[in-house]
Amino acid sequence: MEFHDTIAAIATPRGEGGIGIVRVSGSLAIPIACQLFRSPRAVSPAELPTHTLTYGHVVDTTASGERIDEVLLGIMRAPKTYTAEDIVEFNCHGGIVPLTAVLELVVKAGARLAAPGEFTKRAFLNGRLDLAQAEAVAELIGSKTELSRKIALNALEGKLSETVNRLSDRLASLLAEIEASIDFPEEALDFMKVKTQLQTARAIQVDLMHLLQTASEGRLIKEGITVAILGKPNVGKSSLLNALVQTARAIVTDIPGTTRDTLEEAINLDGIALNLIDTAGIRQTTDIVEQQGVQRSKAVLNQAEFLLLMFDASHPLNEADIELLQTAKSHRAIFILNKVDLPVVTHAEALRAYCPKKRVVQTAIPEGKGIEALKIALREELLGGEFVLGESPIVTNARHKEALRRAYEGLNYAIESLANGMPPELVSVDLHISLDSLGDIVGKTTTEDILDRIFSQFCVGK
Ligand SMILES: Nc1nc2c(ncn2[C@@H]2O[C@H](COP(=O)(O)OP(=O)(O)OP(=O)(O)O)[C@@H](O)[C@H]2O)c(=O)[nH]1
Ligand SMILES: [Mg+2]
């Protein structure tokens, strides 16, 4: 097998830190430690118990015998290690010079530099993690919010793989049953039997659909979403941005046309990364700078994934308001009726008359009124009402989504064929496609180049 050589890398980020780790995995890991490590008690790493840390020095035994760094040596013997191979970790001082010096000695002693993600790839090839779990390692490292961390950890612990494997098992038994009737053609004509198979296939399809549907929430949690605040001048857009980011980020004045350019700020809404955009108030204007701002607002209107459309309760709706209300129909949006602390001229009903289905949240920003309600409404709109992160897995990875989609499609064809009394050979072909696609997620049927592509996106040392 290709991975019988010993690999090494600096496993901590480049830069200065309290400690930095040179990680070595493979059959030479412990012999290399024996060659380079000296402890005051003169114990050889070969004699050290597994999963222990030992104080000592890394010494350049090839040349002067010079001490290179003062370290703690971590010894972890196979198979209960990250890669399921012998691992040693030199916990050095966290600077690039000592770390590189130690790494060079390790390489001189017989290890080779690890490619990005190669430790995790070994964990996968040695059967310690399946592919979905291995990918969760990268997602955990890259997670930007608490929620994405939880979902990644969930997947790393195998929750997604379990669900996928259960679906695979059900598909495989159905497939076995259908293939059995290839050899016994009279069974394919057994109407009751086909009916039961059809029911089984449909039940699997429903569960597959549920898992696939989590992908839109998954993408949202992983990548975040762009939310734009739009409205006529002076309705309170910048005040809202400031209230949501909890700092005086945007300039607020009572002069209409204060905001001239779009302004972006990232916030974390209960685990969803929001990229909030404040825009220039939309109106007809002769001011050249403001005209450009209005152009940008209109571009944002078309690009943002979600809109917060603001209206002023203390004024009647004007032309700009009505234009916004009309464009809102084709966008995901919440209406905000602001300034309800002033005598109210425009009521929520007036907004609903244009878009009966959109939510209306009433706010008085200087008093903080309605801000919490808006956050709740936004979370519900983005994630769907009853979203709670429970035990069930969420699909956050585009590759998994695509594989699930193929699995769903294959099953769908199989169901059509079954329903139309097609021969079992035909049904079987589509079921195989579906089953293989599920296998791709956990890496049962994944090709070498796809594996390479997945692991090359990891950082070196992981
Ligand atoms: N009474 C009251 N005044 C508000 C409220 N929200 C904002 N204001 C005031 O309305 C004025 C305009 O607020 P901004 O946040 O600058 O409005 P804007 O929509 O960003 O305006 P432009 O940038 O000009 O498009 C300021 O004087 C705010 O203090 C509210 O809920 N009630
Ligand atoms: Mg503004």
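Student: Which residues come nearest to ligand 1?
Tutor: Gly-236, Ser-238, Ser-239, Thr-259 and Gly-281 come nearest, out of 25 residues around ligand 1. A residue gets into that shell if its C-beta atom, placed from the backbone, lies within 6 Å of the molecule. This is a predicted model, where local features need pLDDT of at least 70 and side-chain atom pairs count only at pLDDT 80 or more, while totals for chains, interfaces and linings use all residues. Residues are numbered from 1 along each chain as its sequence is written, with chains lettered from A and ligands numbered from 1 in the order in which they are written.

Student: And which helix gives the most to that shell?
Tutor: Helix α9, residues 237-245, with three residues. Helices here are DSSP runs of H or I with at least four residues, strands are runs of E with at least two, and both are numbered from the N terminus.

Student: What's the shell like by class?
Tutor: Twelve polar, nine nonpolar and four charged residues. Ala, Val, Leu, Ile, Met, Phe, Trp, Tyr, Cys and Pro count as nonpolar, Asp, Glu, Lys and Arg as charged, and the others, Gly among them, as polar.

Student: Switching topic: how many residues are in the largest nonpolar core?
Tutor: That core has 117 residues, and Val-22, Val-88, Val-106, Leu-309 and Ile-336 have the most contacts inside it. Helix α6 (159-183) gives the most to this core, with seven residues. A core is a set of buried Ala, Val, Leu, Ile, Met, Phe, Trp, Tyr and Cys residues joined through C-beta atoms within 7 Å.

Student: What is Val-22 in contact with?
Tutor: Beyond its neighbours within four places in sequence, its contacts include Ala-8, Ile-10, Phe-90 and Val-106. Contact means C-beta atoms, placed from the backbone, within 7 Å.

Student: Where is Glu-157?
Tutor: Glu-157 is in the loop between α5 (146-156) and α6.

Student: Why does Glu-157 count as partly exposed?
Tutor: Because it has 13 C-beta neighbours inside 10 Å. Buried takes 20 or more other C-beta atoms within 10 Å, exposed means 12 or fewer, and partly exposed is in between, with C-beta atoms placed from the backbone.

Student: What does the domain assignment give?
Tutor: Domain 1 (2-130), domain 2 (157-219 + 393-443) and domain 3 (224-363). Those bounds come from an automatic or database domain assignment. The centres of domain 1 and domain 3, over C-alpha atoms, are 56 Å apart.

Student: What does the C-alpha trace span along its principal axes?
Tutor: About 85 × 75 × 35 Å.

Note on methods:
Two residues are in contact if their C-beta atoms, placed from the backbone, lie within 7 Å.
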